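The following paragraphs lead the reader through a protein structure. Please keep the sequence and the model in view while reading.

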Amino acid sequence: MHHAPLTQPGPESATTDLHALAHRFPRPGRIDAIFLRPARLAAVMSVGETLALPGLGLQGDRSSAKPASRAGGSKRQVSLIQAEHLPVIAALAGLPQVDPALLRRNLVVSGLNLLAAKALFKHEPLHLLLGDDVVLEITGPCDPCSRMEGILGEGGYNAMRGHGGMTARVLQGGRLRVGDAVHCLPA
């Protein structure tokens with residue numbers, strides 16, 4: 001059998017391709033669950049819909065009750081976790097499954113890589129469009145807190161490291177519903 005020789009693209013081509021690839025999200029994700037945390041240690045409430053408030057967070061969540069201390073508000077207005085990471089967290093914690101409400105993240109999203117939704121290049125920002133109106137900017141990782149050790153059992157904290165989800169800022173508000181599509185788009 002004769003194969004064509006493999007060639008490596010030049011540095012310019014690789015850079016251009018990487019920029020294009022960082023913006024390519026061919027399929028939307030989905031909001032699988034919405035959780036509100038009314039107070040720091042209060043039980044999490046599962047809701048079918050809520051309002052995203054620009055610069056604040058989700059209505060009914062403790063993060064939205066704090067006045068903005070800087071323009072655009074906190075970088076931790078909304079927390080999101082990847083649904084596909086739940087079985088990984090369970091396996092690493094030695095559990096048959098993990099109830100996402102225990103992890104205290106606001107949105108459980110499936111079908112779209114949330115880590116990839118954080119802009120790879122500073123000058124090429126990405127935004128998440130949730131439903132028809134809500135626009136979020138992923139601001140960074142949502143690292144687990146020490147409470148995960150008690151909630152998930154011994155090793156729970158380390159089971160969540162790298163799988164704790166992402167934080168985001170609400171750029172444009174509106175209604176969010178379980179089942180809404182999640183698109184990642186260039187800003």
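Helix α3 is followed by G94, whose phi is positive, near 75 degrees. The model is a predicted one, in which local features need pLDDT of at least 70 and side-chain atom pairs count only at pLDDT 80 or more, while totals for chains, interfaces and linings use all residues. Residues are numbered from 1 along each chain as its sequence is written, and side-chain values use heavy atoms, with hydrogens and water left out.

Helix α3 itself spans residues 86-93, and its buried residues are L86, I89, A90 and A93; buried means under 20% relative accessible area, exposed over 50%, and partly exposed in between, with a 1.4 Å probe and protein chains only. Viewed down the axis of α3, these buried residues fall within an arc of 100 degrees, so they line one face of the helix; the arc is that of the directions from the helix axis to the C-beta atoms. P87, A91 and L92, on the other side of α3, are exposed. The cover over the buried residues of α3 includes β5 (78-82), β6 (107-110), α4 (147-152) and α5 (156-160), where contact means heavy atoms within 4.5 Å.

Between β8 and α4 runs a loop that contains S146. With a relative accessibility of 61%, S146 counts as exposed. Its C-alpha atom is separated by 9.5 Å from that of N158, 12 residues apart along the chain.

A pocket is defined on a 1 Å grid over the protein atoms alone, as an open set of points where a 1.4 Å probe fits, with protein on both sides within 12 Å along at least five of seven lines; lining residues have an atom within 4 Å of a point. The lining comprises K75, K118, A119, F121, K122, P125, L126, E137, I138, T139 and R169. By class, five of these residues are nonpolar, one is polar and five are charged. About 230 Å³ of space lies in this pocket, the volume being the space filled by probe spheres set on the points.

For the chain as a whole, the secondary structure comes to five helices and 11 strands; these are DSSP runs, helices being H or I of at least four residues and strands E of at least two. Of the 187 residues, 41% count as buried.

How values were computed: Ala, Val, Leu, Ile, Met, Phe, Trp, Tyr, Cys and Pro count as nonpolar, Asp, Glu, Lys and Arg as charged, and the others, Gly among them, as polar.
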